[in-house]
Amino acid sequence: QVQLEESGGGLVQPGGSLRLSCAASGSIRLIGNMGWYRQAPGKERELVASVSSVGTTNYADSVKDRFAISRDSAKKSVYLQMNSLKPEDTAVYYCSANVWPVGRDTSSKYWGQGTLVTVSS
């Protein structure tokens with residue numbers, strides 16, 4: 001069993017900042033790419049940012065220069081620092097990770113339960 005648990009969502013005013021955290025736990029042999037996705041009401045889930053096992057990052061154009069993804073491999077955790085937040089950033093944010101569980105030679109993509117970020121005055 002592999003679990004991803006997010007924290008850090010909430011209500012913030014436009015221009016404010018939030019930091020999301022996600023920790024993986026369970027029978028984990030190896031973690032590959034980790035990332036953050038979001039889904040706004042009535043829209044499809046989209047990739048926000050990802051980070052590889054060697055630290056290579058990728059961002060959606062809409063969040064470049066405002067958001068920063070990082071990971072702590074020792075803690076099996078990934079973080080998303082969100083600055084200069086806009087109302088259009090309002091969404092449920094999901095953590096994801098490609099994980100090789102103990103005893104398996106193939107990876108699977110796991111998801112957290114999601115954390116709501118609301119940007120509003």
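Which residue does arginine 38 form a salt bridge with, and how far apart are the closest N and O atoms? Select arginine 38 and glutamate 46 and you have the pair: the closest N and O atoms are 2.7 Å apart. Keep in mind as you click around that this is a predicted model.

**Stop 1: the charged pairs**

Colour the two partners by accessibility. Arginine 38 is buried, at 6% relative accessible area, whereas glutamate 46 is partly exposed at 35%. As background, side chains of opposite charge can pair when their charged atoms come close. The structure holds four salt bridges, so there is more to click on under the cut-off of 4 Å between a side-chain nitrogen of Lys or Arg and a carboxyl oxygen of Asp or Glu.

Next, select aspartate 89 and arginine 66. Their side chains form a salt bridge too, 2.8 Å from N to O. Aspartate 89 belongs to the loop between β8 (77-82) and β9 (91-101), and arginine 66 to the loop between β6 (57-59) and β7 (67-72), so this pair ties together parts that are 23 residues apart in sequence. Is this pair buried or exposed? Both aspartate 89 and arginine 66 are buried. Now show Arg38, Glu46, Arg66 and Asp89 together: salt bridges that share partners join them into one network.

For another salt bridge, go to lysine 64 and aspartate 61, whose side chains meet at 3.2 Å, N to O. Here lysine 64 is partly exposed, with 42% relative accessible area, and aspartate 61 counts as exposed at 65%.

**Stop 2**

Zoom in on valine 48 and show its surroundings. Beyond its neighbours within four places in sequence, valine 48 is in contact with Trp36, Tyr37, Arg38, Asn58, Tyr59, Ala60, Val63, Phe67, Leu80 and Tyr93. Arg38 from the first stop turns up in that list.

**Stop 2: rings**

How many aromatic pairs does a search of the whole structure find? One. Select tyrosine 37 and tryptophan 111: they sit edge-to-face, 4.9 Å centre to centre, with 65° between the planes. Tyrosine 37 is in strand β4 and tryptophan 111 in strand β10 (residues 108-111), so the pair ties together parts that are 74 residues apart in sequence. Tyrosine 37 counts as buried at 16% relative accessibility, while tryptophan 111, at 36%, counts as partly exposed.

Pick arginine 19 and tyrosine 79: the charged end of arginine 19 sits over the ring, 4.3 Å from its centre. Then pick arginine 45, which lies over the face of tyrosine 94 at 3.8 Å from the ring centre.

Stay on arginine 45 for a moment. You'll find it in the loop between β4 and β5, partly exposed at 35% relative accessibility. Setting aside neighbours within four places in sequence, arginine 45 is in contact with Tyr37, Arg38, Gln39, Tyr94 and Trp111. Both members of the aromatic pair, tyrosine 37 and tryptophan 111, are on that list. For a distance check, draw a line from arginine 45 to alanine 91: C-alpha to C-alpha they are 9.4 Å apart in space, and 46 residues apart in sequence.

**Stop 4**

Select threonine 115 in strand β11. At 11% relative accessibility threonine 115 counts as buried, and its side chain reaches the backbone nitrogen of glycine 9 at 3.3 Å. Not counting residues up to four places away in sequence, threonine 115 touches Glu6, Gly9, Leu20, Ala91, Val92 and Tyr93.

Finish at serine 77, in strand β8. What does its side chain reach? The side chain of serine 77 comes to the backbone oxygen of lysine 75, at 2.9 Å. Serine 77 counts as buried, with 7% relative accessibility. Leaving out residues up to four places away in sequence, serine 77 touches Cys22, Ala23, Met34, Ser70, Arg71 and Asp72.

Technical notes. Residues are numbered from 1 along each chain as its sequence is written. This is a predicted model: local features need pLDDT of at least 70, side-chain atom pairs count only at pLDDT 80 or more; totals for chains, interfaces and linings use all residues. Side-chain values use heavy atoms; hydrogens and water are left out. Buried means under 20% relative accessible area, exposed over 50%, partly exposed in between (1.4 Å probe, protein chains only). Helices (H or I, at least four residues) and strands (E, at least two) are DSSP runs, numbered from the N terminus. Contact means heavy atoms within 4.5 Å. Rings of Phe, Tyr and Trp (its six-membered ring) pair if their centres lie within 6.5 Å; planes under 30 degrees apart count as stacked, over 60 as edge-to-face and the rest as tilted. A charge sits over a ring if NZ of Lys or CZ of Arg is within 6 Å of the ring centre and within 35 degrees of the ring normal. A polar contact is a pair of N or O atoms within 3.5 Å; within protein, one must be able to donate a hydrogen and the other to accept it, and residues adjacent in sequence count only if both atoms are side-chain atoms.
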